[in-house]
Amino acid sequence: MKIPESGQPAGPESGPPGAGVTRLRAAVRDQWEELSASERAVAQYLASAPVEQLLFAGAQELGAASGTSNATVVRALQRLGYAGLPALKRELAADFTATVAPEVRLKQRIDHVGQDLDTIWRDVFAEARERVDHGSRLTEPAALHRAVAALAPAREVFCYGVAASELAARHLALALGRIGRRARFVGETGFALADALLAVGQGDAVVIFQPGRELTELTVLVERARAVGAKVVLVTDELGETFASRVESVLTAPHTPTGITAESLTGLVVADVLLLALTALDETRAVESSHQLTALREQLLAPRRKG
């Protein structure tokens with residue numbers, strides 16, 4: 001089996017393969033003798049195709065391109081040591097986004113989906129399913145148990161998220177309040193974050209949504225929580241190993257390798273898992289809070305008297 005030296009098409013813009021491509025080709029070489037004929041077809045295609053083509057393709061497309069099926073693609077990836085297609089895309093995307101300008105990536109994304117609305121609909125839902133399914137497999141049940149144990153007795157829950165992660169943090173803070181739990185959203189950066197940190201105390205919990213970039217604010221927030229005796233749950237894609245020893249639990253929320261689906265998608269799903277778990281733990285409080293919320297809404301929607 002001959003593996004190309006570059007994951008890009010031959011031409012003046014071709015360059016040396018990145019770490020993701022190098023690892024993929026090494027896995028293909030190492031596992032080649034263990035693969036079936038159909039799995040070899042998938043492996044050969046994966047090792048030879050341009051990176052951007054793999055990033056934007058679903059399992060069904062890769063199956064068709066390699067003359068196999070989407071099920072064979074999934075099996076081949078597992079034989080090569082990947083949890084699934086999203087795991088491969090995540091590794092390839094790290095090199096791709098570091099070397100390809102955002103406007104170029106946007107053009108490639110547009111070129112891939114074209115203007116066919118059926119294709120756009122299918123591609124967006126396909127990537128969403130891939131990310132959600134991948135996330136459900138990556139987080140161990142024990143990690144969820146530790147996260148819920150940290151949040152359940154909390155005096156107040158601080159939900160931190162900036163940029164694309166702000167949506168999930170705001171959602172969690174708002175919904176926690178609706179089930180009768182004290183919570184607040186925190187989204188400040190720089191010096192402004194110091195004021196919010198003052199409020200974090202013993203008996204509190206902090207939920208941090210941060211996919212991959214190791215922000216200074218993240219480190220300071222975690223250290224502040226540890227110093228005052230607050231619990232920390234980290235919802236991330238790439239920072240689990242970095243912070244695992246400093247937080248109570250790490251829940252994995254895979255980011256998008258292509259930009260086709262919203263960055264906050266899997267973070268929102270993880271937030272909903274936490275919300276349902278906390279609701280189930282204290283049904284009485286949740287029901288009473290919901291009743292009060294409904295009553296207040298009815299008062300606000302009542303027709304105004306003419307005076």
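This is a predicted model: local features need pLDDT of at least 70, side-chain atom pairs count only at pLDDT 80 or more; totals for chains, interfaces and linings use all residues.

Student: How are two packed helices described?

Tutor: Two packed helices are described by the angle between their axes and the distance between those axes. Here, the axes of helix α8 (residues 117-138) and helix α14 (residues 265-281) come within 10 Å and cross at roughly 45 degrees. That angle is why α8 counts as oblique to α14. The crossing of α8 past α14 is right-handed.

Student: Which residues in α8 and α14 meet?

Tutor: From α8, Ala128, Arg131 and Val132 meet Leu265, Thr266 and Val269 of α14. Sorted by class, the contact of α8 with α14 has four nonpolar residues, one polar and one charged.

Student: What holds the strands of a sheet together, and in what order do the five strands run here?

Tutor: Strands of a sheet pair through backbone hydrogen bonds, either parallel or antiparallel. In this model the five strands form an open sheet with parallel pairing, ordered β2-β1-β3-β4-β5. Strands β2 (183-186) and β5 (249-252) are the edges, each pairing on one side only. From one strand to the next, the twist averages 20 degrees.

Student: How many bridges join β3 and β4?

Tutor: Five bridges join strand β3 (residues 205-209) to strand β4 (residues 231-236), in the parallel sense. Phenylalanine 209, for instance, has valine 235 in β4 as its bridge partner.

Student: Which strands does helix α9 touch?

Tutor: Helix α9 (residues 141-151) packs on the sheet and touches β1 (157-161), β3, β4 and β5. The direction of α9 makes about 120 degrees with that of β5.

Notes: Residues are numbered from 1 along each chain as its sequence is written. Side-chain values use heavy atoms; hydrogens and water are left out. Axes are lines fitted to C-alpha atoms, for helices over the stretch in contact, and angles run from 0 to 180 degrees between N-to-C directions. Helices (H or I, at least four residues) and strands (E, at least two) are DSSP runs, numbered from the N terminus. Angles under 35 degrees count as roughly parallel, over 145 as roughly antiparallel, 65 to 115 as roughly perpendicular and the rest as oblique. A crossing is left-handed if the near helix is turned anticlockwise from the far one by less than a right angle, and right-handed if clockwise. Contact means heavy atoms within 4.5 Å. Ala, Val, Leu, Ile, Met, Phe, Trp, Tyr, Cys and Pro count as nonpolar, Asp, Glu, Lys and Arg as charged, and the others, Gly among them, as polar. Two strands pair if DSSP finds at least two bridges between them.
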